[in-house]
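Reader: I am new to this structure and would like to learn how to read its rings and its surface. Could you walk me through it?

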Amino acid sequence: MIATTNSTEGGTQTETYEVFLCSPSLIVGSQQKSISSSAVNIFLSITAFFGNFLILAALNKETSLHPPSKLLYRCLATTDLLVGLVSQPLTATYWMSLVYEHWSLCRYARDASFIASFALCGVSLLTLTAISVDRLLALLLGIRYRQIVTLKRTCIVTATFWILSVAAGSFYISYTRITIWSCIIVIPSCSVISIASYTKIFRTLRHHQAQVQDHVQKQPSQPNALNMAKYRKAVSSALWVQLALVVCYVPKFTMLVVITNRKTYSSHIVFIDGISSIFMYFNSTLNPFLYCWKVREVRQAVKQTIRHAFYFLWT
């Protein structure tokens, strides 16, 4: 059975998508889908929390990263951890409240999960954009990079990200379309900035590739050659994390556009939107694996942390 709502003109009250998310007609014949959605969110919640907890512990031990760059990765890992600790349990609660038809709990879980998800995913997106700009500045500024990109300035930038994202998420309660349209505007804007940054990086690297290779061959022990190799690895790591976010966020962004422009809703739309949210949340589980795969120092620190944890448990 497909439940629909119609929007009419002339002052007739219209049931919004948010109201439809907690309507009795939504759950008819869909209990199993709701239970499955809840189970997947709980599983990804556990993996996201523990995975990013290990990354934060590893970053605490890692000393080779420039402090501002480390702060950006800490901010990203923290948002991913909070997605597993807050957003996904709330989403799982929403799906189970539909099964048991607890409508007051449904509305609370719906609003809380939307606010948390918009805020945390907004911080993640803005932070990844800042990482791409940070890598570009490291290339363009050279020795002036450490003087201009300081820890204090990076703290101000990340704090601004949190304030703006939480404010945009909070608008969901009273001004839902402001939150949705902020996502529709911010996501493409951040994507354009990141694409422009990485395009400039790779063009510059390609332009200097011949000179760098000659320098490495003639003086392989020189600091500049080693720094360039390290820089390439850092850019590669950041780019993989950026691509993972794009792949995971595209379905949700598409559904936001579809829902914003629809005037009728159905249970199929709600569950497709739920699947797109799972893809978005999966990014928080995927990132720790990318850090371990692409950053050798983080991988070693994670292994050391796991060994210490097992040793503590057995003793």
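Author: Let's begin with a charge and a ring: the charged end of lysine 33 sits over the ring of phenylalanine 271, 5.5 Å from its centre. The rule asks for NZ of Lys or CZ of Arg within 6 Å of the ring centre and within 35 degrees of the ring normal. Lysine 294 also lies over a ring face, that of tryptophan 293, at 4.8 Å from the ring centre. This is a predicted model, where local features need pLDDT of at least 70 and side-chain atom pairs count only at pLDDT 80 or more, while totals for chains, interfaces and linings use all residues. Residues are numbered from 1 along each chain as its sequence is written, and side-chain values use heavy atoms, leaving out hydrogens and water.

Reader: How many aromatic pairs are there in the whole structure?

Author: A pair of aromatic rings is described by the distance of the centres and the angle of the planes. Rings of Phe, Tyr and Trp (its six-membered ring) pair if their centres lie within 6.5 Å; planes under 30 degrees apart count as stacked, over 60 as edge-to-face and the rest as tilted. The search finds 9 aromatic pairs. Phenylalanine 49 and phenylalanine 53 are stacked because their ring centres are 6.3 Å apart and their planes at 20°. Tyr17, Phe20 and Tyr265 form one aromatic cluster.

Reader: Is phenylalanine 53 buried, partly exposed or exposed?

Author: Buried means under 20% relative accessible area, exposed over 50%, and partly exposed in between (1.4 Å probe, protein chains only). Phenylalanine 53, at 47%, is therefore partly exposed, and phenylalanine 49, at 24%, is partly exposed too.
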